[in-house]
Structures are given as structure tokens and as C-alpha cells.
Amino acid sequence: METAGPASPIAYWLRRYFQVLWEPRSYLNALYLVTALPLALMYASTLLVGSILGALGTFFLVGIVLLLVVLVAAWLFAILERELAIVLLGAKVPPLALPDQEILTPWKMLVRHLQRGTTWRSLAFLLVKLPFGLFATIFALGVLTPCLAGIFVPFGDLASSGPRPSVITQLIVPGIPAVLGLALALHVLNAIGRAWGRFAADMLGVSPEQHQLWEARRRAELADRSRRELIMNVSHELRTPIATIQAHLDSLLLPDQERLSDEELQRRLRVTAAETRRLADLTEDLLMLARADAHELRVANRPVELAPIVGQLAQSMAPLARQQRKVTLEEPAVPEGLVAVADPDRLSQVLSNLVRNAINYTPEGGVVSIRVEGKGNDHVQIAIADTGIGIAAADLEHIFERFYRADGSRARVTGGFGLGLAIGRELVEAMGGTLTATSEPGLGSTFWITLRATPAPAR
Ligand code: ADP
């Protein structure tokens, strides 16, 4: 087997040293530091002048209004600073405040604002930014200006005086130390920016404990809502088959049922049996989703050769596709020896659901194909493509959601509950893979299963 030899330590350190030059973060960071002083001056002057004038005028109403304006301005500056820290310094800053659970009166809002830790911490941050800005802006300009001048001034000279025989030396002699210096300056400025970004995260965001508590509450609310939706959806789905079964059984129990022809009797029993099967399928699907939610969806992953699985599936479904839907299921092209990590039974289940969908959503004369190919060294991809009705972009992002049907009335004809793709995705993810879809409305859809590959066992 071929192994890459270790890169020489000198090359490694050189690359690390010069990497800052082409990392956008270095320049965003430098921009933050260069603009720190003007922004800090604006914050400090607005807040100090506003507070002093407000304090002096407290006896009159105008002073209190001014103090309120200062409070609002400080909050807006804090929001701006938080955004700058996130965008320019790449800092991970929690939200400044967590959303209120109830609707508040303006007075309560003010009291809550004054009680918030971040109100006072962010105010302190804005004031501390003045000495920091004084240092950061002067330092950043001091180290960047000579380096940038060393790189760009010779180009200016060259442009004004025209090329001379010594053009190379004219550019390179000041250029090399300037580039070396610029990389060093960016390293130092990055370190300052990182430290200041951590400080900003502490001062401009709610405490991590508060944030975690809020996140947990939000997730619990979401889970509660999705449980309520699930109950509603399930009740809705149960209603139709149960009503059909009930109506048919009732009609069979009527005293005058002997008037029914044998044919009609058979038809009603067949409908009842089909609806009962649908109910059993729905129960199975729901059980599987419940297992997935409880992280109890067990898949027995092992190396699985794909050619036999896909071949058998196509063989068993092609006649049905042809007879019932007049759709051609092409013989799949599977390169020999492609082995994926999967649970063979579950994979067959997902594939058969995708192929059945492809057949159902393809009009007469259409074609469904299954392609399997290696993707890079360590993945395999199975594509199930059809020339069917396709899926609109707005639906495409929802079709893997539970009970979602791109078009309720149309999908109802196919007898599905809108759970097949949701289950398919859960199963493929449990196998360590992904299930996605692309579609061109009117032209067809392709569903992609990507699985981890493993080398074919030696025979
Ligand atoms: P269903 O049992 O309703 O088919 P699925 O979860 O399998 O549920 O699919 C969800 C929805 O996605 C379907 O109702 C259908 O609108 C759409 N869909 C799935 N596969 C295809 C396809 N091959 N072509 C067009 N639409 C599809």
C-alpha cells in the first residue's frame, strides 16, 4: 500500500507561518482592530456626554428622557459590537438577551433590562473598548503600514518611473522582508483579536448556563409541539381507513345484505381487507419512527455486496411496473465488487420504497433506473432515477418530513401516508449514510443513497 511520507518539519512550519497571508480571517481581524479606536470614541463620547447631560437635567423630564436614550444607544452599540465580534473576529458570542416568555409592558421591559447582567457588562465593554481601541488601532496601523508600504510602494514607483533594468531587485529587495513582516504582524494581530473576541463573548452574551437552560426549554417546547402534531396527523390518517372498514362491515351486517350480489360482497370484503392492511402498515411505520426517536432503531451493519441486492430488487419489481403502470424498470448497471456498510434487509426495504415511489409517480411509458457507483475511495452511491412528474422545489425540502405529501389528493391515490421517505432517511442514517433527492418538475426525480464503502472481501 502506498503511504504518504511525513512532510518535512521546515515545510510544515513555513506553511503555517505564511498561511495567515491568504486566510480572510486575518484581514477581517485586522479590520476590527484598525477600526476599534474610532468606534470606541463614538461609543464613549455618546454615552458620556448623554449621561452627563441627562444627570444634569434629571430635575426636568428632559434629563430622564436623555438617560433613556443613552440606555437605548448603549444597547444598540452592544448589538453592533456583538455582530462585529462574530463576523470580524469569528468569536462565538451567545445572544445578548434571551427572548421573554410573556408580553411585557414598557415599564416592565425597562425594569427587566436594568436587571439584566448583560446590560451592565456590555456597557462596561463599550467603555473598556476605548483604552483597548487606543492600543489596538495604533499598534495595528504601526505594524501593518510599513509592511504594506514595503510591498506596494515599489509597484507605484515602477508605474510612475517605468520599468528599469533593475526591476526585479527594485520589487524583491523591499518585498521579501515586507511579506515576512506582514505574516508576523498578522499572527500577532490574530492573537490579539482572538483574546479580545473571548473577552467580547464573556461581556456581550448571556452566561453559558443561562443559554443552555433556554436551549433546553426551547427544545422541550419543540418536541412537545411535534408530539402534538404527530397525534393530530395519526388521528387524521386513522380516520379514513377506520371509517371505510366500519361502513363496509356495517353494510355487511345489515339485515337486507342477502340482496348483495356475491361480486359486491367480495368487493366490500376486499376493500375491508386492504384498509386493514393499510392500518397494519401505518402501525408498523409509526412503531419504527418511535424507535428512531428513542434511538432504538437497530440496524445490523455489515459489508454488503450491492450487485445481488439491487439486481434481485429490480427483477422482482420490473414485471409489476410493466403490468400495473406501464413503466419500464431498467436493468441496473452495478459494477461488480462494490461493497457497502449496510444492513441488507433494511437497505432492501429503503430501496424498494424508493423504487415503488418512482414507479408510482411516473406516468405510463416512463422509465425508472437504478445506478450504483463508487464515490471516491470510501463511499458508494445508489441513484434511483425516474422520468416522472418530479417534485416542486418548495416541496423538495419537506418530502423527508413525517406525513408530508407533495400533493395530498394526488398522493392519496397511491395509498401512502407520507412516512416512507422519513423512515428511509432514518434507516439510511442509522447505517451511517445519507438519503437526499434532486428533482426537475415535469422531468423526473432522483433519490441518492450514499453509504460508506468497504473493500470487497478477497475470494
Ligand atoms: P408516500 O407514501 O406518500 O409516497 P413518501 O414519504 O414515500 O410518502 O413520499 C413523500 C412524498 O414525496 C410523496 O407523497 C410524493 O409527493 C413525493 N415523492 C416521493 N417520491 C417521489 C417521486 N419519485 N416522484 C415524485 N414525487 C415523489
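So, which residues have the most contacts inside the largest nonpolar core? Before I get to that, a reminder that what we're looking at is a predicted model.

Okay, the core. It has 52 residues, and the ones with the most contacts inside it are L347, L351, I370, I382, I384, I449 and L451. As for where the core comes from, helix α10, residues 306–325, gives the largest share, with nine residues. There's also another core lying apart from that one, with 42 residues, including A36, A73, L96 and A200.

If you skip its neighbours within four places in sequence, I384 is in contact with L351, L354, V355, A358, V368, S369, I370, S445, T446 and F447.

Now, the ligand. There are 20 residues around it, and N357, D386, A406, G416 and L421 come nearest. By class, you get eleven nonpolar, six polar and three charged residues in that shell.

From the backbone of A406, an N or O atom sits 3.0 Å away. With G420 it's a polar backbone atom again, at 3.2 Å. And Y361 comes in through its side chain, where an N or O atom is 3.2 Å from a ligand oxygen.

How much of the ligand does the protein cover? On its own the ligand has 530 Å² of accessible area, and the protein covers 97% of that. The elements giving two or more residues to the shell are α11 (344–360), α13 (408–414), α14 (420–430) and β7 (444–452).

That's my bit, thanks.

Methods:
Residues numbered from 1 in each chain as written. Predicted model: local features only at pLDDT ≥ 70, side-chain atom pairs only at ≥ 80, totals over all residues. Heavy atoms only, no water. Core = buried A, V, L, I, M, F, W, Y, C linked by side-chain atoms within 4.5 Å. Buried < 20%, exposed > 50% of the residue type's maximum accessible area, 1.4 Å probe, protein only. Helix = DSSP H or I, 4+ residues; strand = E, 2+ residues; numbered from the N terminus. Contact = heavy atoms within 4.5 Å. Near = heavy atom within 4 Å. Polar contact = N/O pair within 3.5 Å; in protein donor to acceptor, adjacent residues only side chain to side chain. Areas by Shrake-Rupley, 256 points an atom, 1.4 Å probe, with all protein chains shown as cover. Nonpolar A, V, L, I, M, F, W, Y, C, P; charged D, E, K, R; others polar.
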